[in-house]
Amino acid sequence: MSLALYRIDDRLIHGQVVVGWGQPLDCSFIVLVDDEVRGSDWEQDLYRMGVPPHIEVVFASVDEAAEKLTAWEADSRVGILLVGDIDTAAALAARSPQVKRLNVGGIHHRTGRTERLRFVYLTDDEAAKLRQLAGRGIEVTAQDVPSARAVPVGEFT
Amino acid sequence: MSDSRQNGSLLGVIVSHAAVAQALVAAVAAITGIEGALVPVSNEGCGTEALAERLRQAVGKGPAVLFVDLPGGSCLTSSARYAKQHADIAVVTGVNLAMLLDFVFHRDVPPADAARRAVEAGGKAIRVTAA
């Protein structure tokens with residue numbers, strides 16, 4: 001139970017998360033960790049629209065998430081935690097030892113990034129940050145949907 | 001981007017996963033013979049910024065209705081953000097062929113009116129047929 005997936009995905013809440021992972025995991029809550037979204041009612045309404053009513057959506061800043069991770073991990077329901085970028089994941093991992101796994105689910109093309117996998121584009125700096133997280137004992141893999149192979153960090157950074 | 005807004009008519013932009021949008025545009029053209037009223041946008045391989053750029057190019061200078069496949073997810077979030085930043089843009093979710101067929105014949109109205117009309121036309125097409 002608890003948080004079944006810690007995912008980095010620049011689209012945050014979208015079909016792959018809600019349906020692709022949410023269905024097989026029987027997910028009951030989604031924690032969206034993003035300081036900007038946390039501060040905007042409009043953004044929160046927008047992300048909530050993509051989620052069926054039986055799934056609870058919790059919006060948290062990085063600080064709030066670090067504080068509440070233990071409680072979420074103790075929740076009897078299954079949850080998914082989402083962050084939009086590597087820096088947010090790293091900030092959360094630095095504040096909480098609860099982060100033991102990171103699923104790279106979608107980081108898309110932007111100037112300066114090169115293709116590592118079909119759904120993962122990284123700058124050299126970002127690749128280094130992922131390797132650092134792995135070096136601290138966090139299991140970092142890339143996998144867009146459950147039916148795909150979880151690609152170990154060494155193969156795409 | 002070639003479109004047919006010379007007379008102030010609306011452009012319809014279909015925003016979807018994979019090639020759904022492209023297929024809907026082709027289906028509308030096959031059924032009505034009308035071309036240039038609809039433009040497809042796929043989110044394939046797109047992050048938020050890339051999808052916003054595809055939308056910007058597809059819409060050009062408004063007015064337009066954005067027909068989004070699902071009522072949530074990257075297609076919707078990008079479309080809603082775009083509409084928030086631009087006047088003369090309305091967003092409809094749950095796009096289907098029936099609403100598009102109605103839309104292409106009724107494009108001389110404000111975007112919000114066209115969006116409401118699309119919801120009605122699209123909804124009417126969803127039913128269980130008699131056995």
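The buried residues of helix 4 of chain A are covered by elements that include strand 2 (29–33), helix 2 (35–38), strand 3 (56–60) and helix 5 (86–95) of chain A. Cover here is by contact (C-beta atoms, placed from the backbone, within 7 Å). Helices (H or I, at least four residues) and strands (E, at least two) are DSSP runs, numbered from the N terminus. The model is predicted: local features need pLDDT of at least 70, side-chain atom pairs count only at pLDDT 80 or more, and totals for chains, interfaces and linings use all residues. Residues are numbered from 1 along each chain as its sequence is written, and chains are lettered from A and ligands numbered from 1 in the order in which they are written.

In helix 4 of chain A, Val62(A), Ala65(A) and Leu69(A) are buried. A residue is buried if 20 or more other C-beta atoms lie within 10 Å of its own, exposed if 12 or fewer, and partly exposed in between; C-beta atoms are placed from the backbone. Helix 4 of chain A (residues 62–73) has twelve residues, and its end C-alpha atoms are 16 Å apart.

Chain A has six helices and nine strands. Its radius of gyration, 15 Å, is close to the 15 Å that the globule rule gives for 157 residues, so chain A is as compact as a globular protein of that length. The radius is taken over C-alpha atoms; the rule is 2.2 Å times the number of residues to the power 0.38. Of the 157 residues of chain A, 39% count as buried.

The largest nonpolar core has 84 residues. Such a core is a set of buried Ala, Val, Leu, Ile, Met, Phe, Trp, Tyr and Cys residues joined through C-beta atoms within 7 Å. Leu82(A), Val13(B) and Val65(B) have the most contacts inside it. Among the residues that Val65(B) touches, not counting those up to four places away in sequence, are Phe103(B) and Pro111(B).

The contact between the chains takes 13 residues from chain A and 15 residues from chain B. Helix 3 of chain B gives the largest share of the chain B side, four residues.

Terms used. Contact = placed C-beta atoms within 7 Å. Expected span 1.5 Å × (residues − 1).
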